[in-house]
Each structure stands twice: as C-alpha cells, then as structure tokens.
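This briefing covers helix packing and pockets. Look at the sequence and the structure first, then read the points below.

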Amino acid sequence: AAAFGWAVLSLVFLDEVAAAVAAGVWGSHVGRGAGAVLLAVAVPLLVVTVWWAFASPRAPFGGPVVRPVVKVLVFGLASLGLWHAGHPTWALALLVFSVVVNAFALLPSVRALVPSG
C-alpha cells in the first residue's frame with residue numbers, strides 16, 4: 001500500500017512539473033522575440049510560486065478551500081495554455097492525467113504519507 005502511495009505522489013509531482021512546463025510552452029507561444037524567452041521563463045516561475053504559496057502541502061496561504069481551487073486553476077490553465085499554443089492532444093492528456101492522479105492522491109492511504117502544516 002505504501003509503494004502505491006509513493007508512486008501516486010511521484011506522479012503528482014510529475015504533474016506539477018508538467019503544469020510548469022506547459023506554462024512555459026504557452027509563454028513561449030504568446031511572446032515575440034526576446035519576449036518569448038522572458039515569458040517562457042517567467043510564467044513557469046509564476047506557476048511554481050503560486051503553487052508553493054497556495055497549493056503545496058505546506059502552503060503558507062493554503063487551506064481546505066484555497067488549495068483545491070488553486071490546483072484546479074493551475075492544471076486547468078496549463079491545459080488551456082497548451083491548447084492555445086497549438087497542442088490540443090497534449091492539453092487533453094495533461095488535463096486527464098491531472099484529474100486522475102489528483103483523484104488517487106485524495107485516497108486516505110496516500111494522504112497519510114503527505115506531511116501537512
């Protein structure tokens with residue numbers, strides 16, 4: 001059971017990284033010239049900062065309402081960004097993966113592995 005839980009948590013982390021990468025793809029797509037590079041770096045940094053502040057297990061501004069709302073926004077907007085950047089298949093794959101892996105992360109046996117505070 002613990003191995004399953006750690007596998008799920010590893011996939012959750014991979015999902016979070018994928019959301020940041022998707023944000024970078026979108027930033028690169030909407031930027032022009034040097035702006036594309038700037039947005040390709042700045043947007044993922046913004047996503048990581050928002051995740052840390054509101055959605056991570058030890059988020060200083062997280063909570064029972066804020067945390068899930070921010071997660072839905074991050075994964076939803078990351079998927080939308082991929083779609084907008086011309087990658088609809090990847091957008092749907094990210095969205096489905098995010099929903100499935102985060103649903104598994106809600107199982108009590110998985111939640112018990114995550115420190116809170």
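**Helix packing and pockets**

In this predicted model, α2 and α3 pack at an angle of about 160°, and their axes are 9 Å apart. Because angles over 145 degrees count as roughly antiparallel, α2 is roughly antiparallel to α3.

**Contact of α2 with α3**

- The crossing in which α2 passes α3 is left-handed.
- On the α2 side, the contact residues are Val47, Val50, Trp51, Phe54 and Ala55.
- On the α3 side, they are Val66, Arg67, Val70, Lys71, Val74 and Phe75.
- By class, this contact has nine nonpolar residues, two charged residues and no polar ones.

**Largest pocket**

- The volume of the largest pocket is about 870 Å³.
- Its lining has 31 residues, and those nearest its centre are Ala55, Arg67, Lys71, Ala105 and Leu106.
- At least two lining residues come from each of α1 (2-30), α2 (34-55), α3 (66-84) and α4 (88-105).
- The lining of the largest pocket divides into 19 nonpolar, eight polar and four charged residues.

**Second largest pocket**

- The second largest pocket has a volume of about 340 Å³.
- It is lined by 16 residues, with Ala23, Val43, Val47, Leu77 and Ala78 closest to its centre.
- α1, α2 and α3 each give at least two residues to this lining.
- The most comes from α3, which supplies eight residues.
- The lining of the second largest pocket has 14 nonpolar residues, two polar residues and no charged ones.

Technical notes. Residues are numbered from 1 along each chain as its sequence is written. This is a predicted model: local features need pLDDT of at least 70, side-chain atom pairs count only at pLDDT 80 or more; totals for chains, interfaces and linings use all residues. Side-chain values use heavy atoms; hydrogens and water are left out. On a 1 Å grid over the protein atoms alone, a cavity is a set of points where a 1.4 Å probe fits but cannot get out, and a pocket is an open set with protein on both sides within 12 Å along at least five of seven lines; lining residues have an atom within 4 Å of a point. Grid points are joined across faces, edges and corners, and a volume is the space filled by probe spheres set on the points. Helices (H or I, at least four residues) and strands (E, at least two) are DSSP runs, numbered from the N terminus. Ala, Val, Leu, Ile, Met, Phe, Trp, Tyr, Cys and Pro count as nonpolar, Asp, Glu, Lys and Arg as charged, and the others, Gly among them, as polar. Axes are lines fitted to C-alpha atoms, for helices over the stretch in contact, and angles run from 0 to 180 degrees between N-to-C directions. Angles under 35 degrees count as roughly parallel, over 145 as roughly antiparallel, 65 to 115 as roughly perpendicular and the rest as oblique. A crossing is left-handed if the near helix is turned anticlockwise from the far one by less than a right angle, and right-handed if clockwise. Contact means heavy atoms within 4.5 Å.
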